[in-house]
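Notebook open. I looked up a few places in this model and wrote down what I found.

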Amino acid sequence: MTAEVRDWLPATAFSEGAVEASLRDVVASWSSRWLLRAPAEVSAVRMGEPERTTAAGLGLRVQKQSFDIEVAMRGKRFLLEAALNVDLSESPLREGDRRLLDALAEKIIDDLAAHLEAALKPPAGEQEKTLRVVIAAGANELVVVRATEDALVPLIKAQCSKVRETSAAPSNRLLALRQTPIVAHAHLGQAEVALADLDGLCIGDVLVLDAAVSDPIELRLADCRSVIARGRLCRSADNLSIQL
C-alpha cells in the first residue's frame with residue numbers, strides 16, 4: 001500500500017504577495033456582501049505567532065480548525081462603520097443599539113469565517129508555522145486571521161495555476177527556445193604553431209592561416225564543431241562583420 005502524498009509547498013512559496021493573492025478572491029467576495037464605505041483587502045502578512053490581543057482589547061474571536069479570527073475593539077468599530085457607512089463616534093449609543101450592532105458584527109465575522117472555512121484546508125496534525133494575515137479597509141485594520149501554512153497550500157497552488165494559464169504555451173520547441181541567448185564563434189581558418197614558437201609570440205607577430213580572407217567564414221556555436229551557417233567577411237566603418 002502506497003503512502004498518501006502530502007499536500008506541501010516549500011517555505012519560499014508563502015511570500016506576502018503569494019498569500020495576499022491566494023486570499024484576494026475570498027476577502028473580496030466577503031467584502032462585497034457587507035462593506036459599503038471601502039472594500040476590504042489583505043494589507044499585511046507576517047510569519048510566526050505574535051502575542052494575541054488581550055481580553056480587554058478584544059471585540060470578537062472566532063476559532064476554527066484551520067484558522068482563528070480576532071477583531072479588536074477598535075477594529076470592530078471600523079468594521080461596523082464600513083458596513084453601515086456611518087460614524088459611530090458622533091453620538092452616544094443606547095444599550096439596545098449596542099446589542100444590535102454587536103449582533104451585526106458577529107454575523108459579518110461569522111460570514112467571513114464561512115468564506116475562509118470553505119477555502120482553507122484543515123491542517124494535518126500539529127502545525128508550527130503560522131501566518132498572521134491582516135485584513136483592512138483603507139487605512140483601518142479590521143480583522144486579524146491566523147492560519148497555518150498547511151491550510152493555505154490549496155489556495156496558493158490554485159493561484160500558481162492561474163498564473164501559468166495566463167501565459168500562452170509555445171506551439172513548438174523552436175518558439176520555446178528562441179529567447180535563449182547563445183554564443184557563436186566565427187572561424188576563418190587555422191594555423192599550426194609549435195609550442196616553442198607559441199611561447200615566443202609577442203605583439204606584432206603574424207600567424208599565417210590556411211585560408212584566404214576572401215574564403216567563406218564558418219559560424220559555429222560555442223563548444224560545438226558543427227557549422228550552422230557560412231558567410232563572408234565584411235568591413236563596416238571600423239568594425240568587422242559577417243554577411244551570411
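Which residue in strand 9 is the bridge partner of Cys-234? I found Ser-241.

I kept the ground rules in view: this is a predicted model, where local features need pLDDT of at least 70, side-chain atom pairs count only at pLDDT 80 or more, and totals for chains, interfaces and linings use all residues. Numbering starts from 1 along each chain as its sequence is written, and side-chain values use heavy atoms, with hydrogens and water left out.

I traced an open sheet of four strands, order 6-7-8-9, with antiparallel pairing. Strand 6 and strand 9 (239-243) are the edges, each pairing on one side only. On average, neighbouring strands here are turned by 40 degrees against each other, direction ignored. Strand 8 (residues 227-236) and strand 9 run antiparallel and are joined by five bridges. Two strands pair if DSSP finds at least two bridges between them. Strands (E, at least two residues) and helices (H or I, at least four) are DSSP runs, numbered from the N terminus.

Entry, Val-193. I placed Val-193 in the loop between strand 6 (184-187) and helix 6 (195-199). Val-193 is partly exposed, at 35% relative accessible area. Buried means under 20%, exposed over 50%, and partly exposed lies in between (1.4 Å probe, protein chains only).

Entry, Asp-110. I found Asp-110 in helix 3 (residues 95-119). Asp-110 counts as partly exposed, at 47% relative accessibility. I also checked Ile-69: its C-alpha atom is separated by 9.5 Å from that of Asp-110, with the two residues 41 apart along the chain.

Note on methods. Axes fitted to C-alpha atoms, helices over the stretch in contact; angles between N-to-C directions.
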